[in-house]
Amino acid sequence: MTASKQVHSFHIPVMGLAYTIDSPIRVAQFGISSVISIIDDDLLEKMNAFYSQKFSLPYQEISQKVEDYRAKRITAYLNLVDTIVKDKFAKFKEELSESKSAMESFISMLPNTSGLREGLSKILEEGVAIKETIKSYIDAHLSAGEIDVNIMTKIDKDNFIKNKQLPIEFNDAHASLRGFAKSNLASSVVLSAGMNPRLYSYFEKFNDFYPDDNGQIKKKIILKVSDFRSAIIQGKFLAKKGLWVSEYRVESGLNCGGHAFATEGFLFGPILEEFKTKKSELIQDTHAVFIKALEDKNLPVPKQPLDIKITAQGGVGTADEHEFLIANYGVDSVGWGTPFLLVPEATSVDDETRKLMMGAKESDLYLSDISPLGVPFNAIRGTSNEFFKQQRIAKNKAGSSCPKKLLALSKEFGPEGICTASKKYQDVKLAELDERKESMDTSKYEIAKNKITEKSCLCVGLANASYLENQIPIKGQQQGVVICPGPNLAYFDKEVSLSQMAQHIYGRLSVLSETYRPNMFVKELKMYVDYLRNDIANFTDELSAKNIKRWVAFKSNLLDGIAYYQDLFKETINPENGLIQADIITYKNELNKIEIPVL
């Protein structure tokens, strides 16, 4: 297959619902790829109206009364983004061919090893190239960043009209997929949060996910995974349907933003090592199955094996770490998420929330239980959402009005589902708790009450930042903003330009704060040691052999990871590794002090 003209060695992963909702409009013209969440159709509809007006483009409202409105809203917004990006990219190329200062500024943002950087620098040095020569060089070597989309596979609620359940293709994630599939985009869908067999089977309905006669796939599949086993299981499942996974996006289980899907103690470095050593096995195991499925469906079979990219993200924060991931593990791109929340040119964040993040210390960033999904969720203390939530709790009005119901996934009260952050759900649970109050001591009662009321309305909270930033009116109950940076935020304390962040990534300047920042692998190790300690300390169920076995395996996997890092970061390889080794020993000692309970 033809290699794409990848300009940068980093990408901006999806963040929340709003934070990267318009990132391609902001950064794609510079060759930077980013990912839009396409779960919240209401947010997408409002952004469609906003950007149509901003760029003087026609806008047709798609109300909830329109059949299949959810998918149609997604298609409409993605087509708008595609139109705007193409226009901005064409104008940027024109500017580069006419302006020396624009060219110099762009060159400063490019990777040190970039052929494009070298070529443009040579044109500047020679200083005699005519506009058309420059333009033809740029056309041949520069491409816009990808407009990729994200679907969190777990958010696939059944939908109803007047108590009658709609067919499965109208489930939330299914409709999101259809919205992308019917768009004009030639890009990728990033599937996160694990396997959803029904959703994966739905891909078969759309021709754009299959290779054409030239072996090209218009719409590609990217799997976000946290270990190799998950990758090969999901990759094979899709291959059996004639669907090729073009990229495996490996993310740290804990050292990331948003929902944290902890592994069983397997650390990021050893996981990336496994992808590196078994990449050919991954291709072989899936390719033969993929070809057979295409033949069985009488679809075009690529003459050459298709590419697979391995990319990595989660906690990276320095140029050295960025380069290490590329050089040591051979990854094709590195995801930089949280640091870009402090880059207004790249992400959609309101001023108040950005100021909160700039002042955040390590102790302000924590793994919370606020997500209605029941999955640990990275959070920051002091958000406006937390303020309004606590205000309602103090007035005995806990819970959200639940206007969007994207996370109404609990079937406890009926098939239509209910969200555990909703007032309706929490009222019932608090009433049940109050019936047992007399038989409980005060501390246990308060812990149980907090477990019910701590859930936040993520549907609204993760979308509000864009409304506030763009002065779009917010209707309904005050929810404030939920923001979900990774722990890496503690080491970035100022708003920076897009150019400065790119130069930081490529090692030409540093935008880090003065706070001591441990190596990304060490940081994750600390988080896993803390995770195990807390998991044991907070365990309240009846102890079983199964629990003990899980903790023993978790600890053993961590010790294996520590041994791997001690070998990887030998001081004989690099004298600067002494600090990393000292940190590793500290957390190894902490881990050894954790006692696994016995029956």
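Which side chains does a polar contact of 3.3 Å join? The pair is Gln479 and Ser400, where a polar contact is a pair of N or O atoms within 3.5 Å, one of which, within protein, must be able to donate a hydrogen and the other to accept it, and residues adjacent in sequence count only if both atoms are side-chain atoms. A few words on the model come before the rest of the picture. The model is predicted, so local features need pLDDT of at least 70 and side-chain atom pairs count only at pLDDT 80 or more, while totals for chains, interfaces and linings use all residues. Residues are numbered from 1 along each chain as its sequence is written, and side-chain values use heavy atoms, with hydrogens and water left out.

Along its principal axes, the C-alpha trace spans about 85 × 65 × 55 Å. The radius of gyration of the protein chain is 25 Å, which agrees with the value near 25 Å that a compact globule of 599 residues would have. This radius is taken over C-alpha atoms, and the globule rule is 2.2 Å times the number of residues to the power 0.38.

Of the 599 residues in the protein chain, 55% are buried. Buried means under 20% relative accessible area, exposed means over 50%, and partly exposed lies in between, with a 1.4 Å probe and protein chains only. Among contacts (heavy atoms within 4.5 Å) between residues at least 6 apart in sequence, 72% join residues at least 24 apart. The accessible surface of the protein chain comes to about 26800 Å², and 51% of this belongs to carbon and sulfur atoms; such areas come from the Shrake-Rupley method with a 1.4 Å probe, and for residues only the protein chains shown count as cover.

Gln479 brings the text back to its opening pair. Gln479 lies in the loop between helix 17 (464–469) and helix 18, and counts as buried because its relative accessible area is 2%. Leaving aside residues up to four places away in sequence, Gln479 touches several others, among them Ser384, Asn385, Phe388, Cys457, Val460 and Asn464.

Helix 18 itself comes next. This helix (residues 498–505) is mostly covered, with 7 of its 8 residues buried. The buried residues are Leu498, Ser499, Met501, Ala502, Gln503, His504 and Ile505. Their cover includes strand 1 (10–12), helix 1 (23–27) and helix 11. Just after helix 18, Gly507 takes a positive phi of about 85°.

Helix 11 (residues 319–329) holds His322, which is buried because its relative accessibility is 0%. The side chain of His322 makes a polar contact of 2.9 Å with the side chain of Ser9. Not counting residues up to four places away in sequence, His322 also touches Phe10, Val316, Val334, Trp336, Ile505 and Tyr506.

Thr353 is another buried helical residue: it is found in helix 12 (residues 351–358) and has a relative accessible area of 5%. Its side chain makes a polar contact with the side chain of Asp350, at 2.7 Å. Apart from residues up to four places away in sequence, Thr353 touches Val481 and Ile483.

Most residues other than glycine have a negative phi. Ser56, however, has a positive phi near 55°; Ser56 sits in the loop between helix 2 (41–54) and helix 3 (69–98) and is exposed, at 66% relative accessibility. Cys402 likewise has a positive phi, of about 55°, in the loop between helix 13 (384–394) and helix 14 (423–435), but Cys402 counts as buried, at 10% relative accessibility.

Finally, Asp560 lies in helix 20 (residues 545–568) and is exposed, with 52% relative accessibility. The C-alpha atoms of Asp560 and Leu267 are separated by 9.0 Å, although the two residues are 293 apart along the chain.

Technical notes
Helices (H or I, at least four residues) and strands (E, at least two) are DSSP runs, numbered from the N terminus.
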